[in-house]
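This report covers helix packing and the nonpolar core of one protein model.

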Amino acid sequence: MSEDVIELDEQEEQEELEIPEVLPLLPVRDIVVFPYMIIPLFVGREASIIAVDEAISKDRLIFLSAQKEVYTEKPIPKDINTVGTIGMIMRMLKLPDGRIKILIQGLAKGRISGYEQEKPTFMVRVQKIQEQPVTEITLEVEALIRTVKERLEKISSLGKIISPEIMMILDSISEPGRLADLVASNLALKVDLSQQVLEQIDPVLRLRKVNDFLQKELEVLTMQARIQSQAKEEMSKTQREYYLREQLRAIKNELGDTDDYSKELEELRKKIKKVKMTKDVEKEALKQLKRLEQMHPDAAESSMIRTYIDWLIEVPWSKSTKDKLNIQTAKKVLDEDHYNLEKVKKRILEYLAVRKLNKNMKGPILCFVGPPGVGKTSLGKSIARALGRKFIRVSLGGMRDVAEIRGHRRTYVGALPGRIIQGLKNADSNNPVFMLDEIDKLGSDFRGDPSSALLEVLDHEQNFMFSDHYLNVPFDLSNVMFITTANRTDTIPPPLRDRMETLRISGYTHEEKLKIAKKYIIPKQLEENGLKPKNLKLSDKAILRVISQYTLEDGLRNLEREIAAICRQAARNIAEGKKKPLSITEANVHKFLGPPRIIPEDEQEKSEIGVATGLAWTESGGDILHIEATIMEGRGSLQLTGQLGDIMKESAHAALSFCRTHLSGSLEKDYFSKHDIHVHVPAGARPKDGPSAGVAIATAIISAVTKKPINKDIAMTGEITLRGRALPIGGLKEKSLAALRANIKTIIIPEKNKKDLVEIPNSVKSKLNYVFVKQTEEALNLALIDDNKKKSGVKKIKELKQII
């Protein structure tokens, strides 16, 4: 509720209104409304909004009564005071957040005599309270009126905020009741005290009660002024002590008796000279040191300046590590830590080669994009080891405060530099490998947008003069090698994405995972669990079984967890005194890891009508989608289920339009107007979106209409146009890996994606048949099984390959 209260001028008396016997009730929580007042209120509770609507729809009259307890969210009759104010709604404004703002004028006091209804809103019977006017102003009443006015003026002079308009209106009011209501509404009294004033019918007694409240408020404000005066005297005393201490220090210096504080300041001066700051920074540091010398050691600002000088000294202005520029050694280090990832390794070695020829080259700004667990963060550590640099990692996930990047202003209590300067201080080097993890998960709120602050950090044209709010002096970040990581790029703001060189790290095939497990994961887990290679025998087929039936990911995290579980059981065997090594084979994996968690449900048992296999890209890698379509009698509507996003819904509508055009010559004219189509994409609990399902949706719909099964051994991906063109898609490698995991050997993809086959490993391409199509009709001819000709899509593909 609002606290702004405006008194109507006495001349603006309202015309006598006929008050209905039953009025809607608006319970108010934090204010008591008095007659003759105009007050803005914010209404947010559902029952209250209904009450306002009810009043607006009739005569705009509503009854306002204060709740007995402010925090009661859903009051019942016993929670609401019986005495309140009959008011008229003068204006109403609906706010974007669903609340309503109303301007209401109090007309007269009233009492609730009964409740007509309680749901959905309160409707109450109201009796208007007739207040007897004061016919004669006696000397006592006149003295009381003057006392109230004088006390209110004195309260205003002591700092209580009372608007000048109210003080002007006071002079023109001579009626005790009106004066009492006006003063009570502007004293910011508690709700229960204001309610006592409202419930007092006698005007003179009401004014006396208000006078008592004024007296108490006046005493509190007088005491407050006295306390502030004492604090000011204490401040003057502190300044006098400081002056005397400074004189004492000067005398000691003359006698040659220097104190510890002076020695400490002299040590700070030597450190400032020693760290080799830039001229501007050194000038600022000496300036702050001079201010510190002139301050008392116990002054509040003294510790703040001392902390600032310490930060200036500890930041590595001129410290740097020497790069290892031996390309062969760097290649060996990268190969030791990571399998494959040739594109990333090539980029690092190129940087080293150029750095060897150009000593002044600025550090690159790379962005590793890929699903979780493929080694983006650990690759940053390997790069630092290969270059011989320090490694710093800062997680940006969920960061919302721009001060996390730029630091806080020194005026704030507990201010610190941002995470960039803190990281450099911890590294004690101005050229580390600085990893900004999860850059795609940055947030923003009222405290600023961290992604905008990163624009300066990740821009070679600006970061040589990076200014942290706390240091307030420029720092050169051009020697830092920044590496960012992300699972996806569409959530990164375009200006920030434009400043980084994106390197995509796709998922691993089963064979690659097998090699990585044998070369990296198993030795690591054996060491972590205190085992020797002879204690555990893990066959290749057993590892492949773990990969295929216990993990479903493009990365390696779950695979490492499963191998760690096996190693722990081997460690337990040794601890129990069993000398025989633990042998894991394909046949007994389930004894150690339990039943398979990844059931091959993705592999259909038979080709079905209206079920197409699509391919999708997700943050965690590729996945397959069984897109189901069914036809039923209806009115021509298209129903989409499975938590589809807006893009996927548009693809479905475009696919339906193509199907109607494609089948127009072979079906009844009004077929689609008499039948409903339902497209469902399991699983329903998982949101799905993206522009690559159009071809699969069209295939499922046409299969359902024509009653032709879709070959279960074919998966497809591609966006569709109204003319049936198959548009190119992204994430082909991830989708190919998903098809392999589902034991699907044939993939239909758009013709324009042929260029992307270069990115796919030969081990994957050799196991898949890629069929390129320009039009959706080609995909239909390949995927649909023609019962008349008994020819499946796979046979057509083989014939097509022979022709090619």
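## Terms and model

Contact means heavy atoms within 4.5 Å. Helices are DSSP runs (H or I, at least four residues), numbered from the N terminus. The model is predicted, with local features needing pLDDT of at least 70 and side-chain atom pairs counting only at pLDDT 80 or more, while totals for chains, interfaces and linings use all residues. Residues are numbered from 1 along each chain as its sequence is written, and side-chain values use heavy atoms, with hydrogens and water left out.

## Helices H10 and H11

In H10 (residues 327-337), Ile327, Ala330, Lys331, Leu334 and Asp335 meet Lys345, Ile348, Leu349, Leu352 and Ala353 in H11. By class, this contact has seven nonpolar, no polar and three charged residues; Ala, Val, Leu, Ile, Met, Phe, Trp, Tyr, Cys and Pro count as nonpolar, Asp, Glu, Lys and Arg as charged, and the others, Gly among them, as polar.

H10 and H11 (residues 342-357) pack at about 155 degrees, their axes 10 Å apart. Axes are lines fitted to C-alpha atoms over the stretch in contact, and angles run from 0 to 180 degrees between N-to-C directions. The two helices are therefore roughly antiparallel (angles over 145 degrees).

## Nonpolar core

The largest nonpolar core has 53 residues; Phe368, Ile383, Met481, Leu536, Leu559 and Ile584 touch the most other members. Helix H17 (residues 510-528) gives the most to this core, with seven residues. Such a core is a set of buried Ala, Val, Leu, Ile, Met, Phe, Trp, Tyr and Cys residues joined through side-chain atoms within 4.5 Å, where buried means under 20% relative accessible area (1.4 Å probe, protein chains only).

Technical notes:
Buried means under 20% relative accessible area, exposed over 50%, partly exposed in between (1.4 Å probe, protein chains only). Angles under 35 degrees count as roughly parallel, over 145 as roughly antiparallel, 65 to 115 as roughly perpendicular and the rest as oblique.
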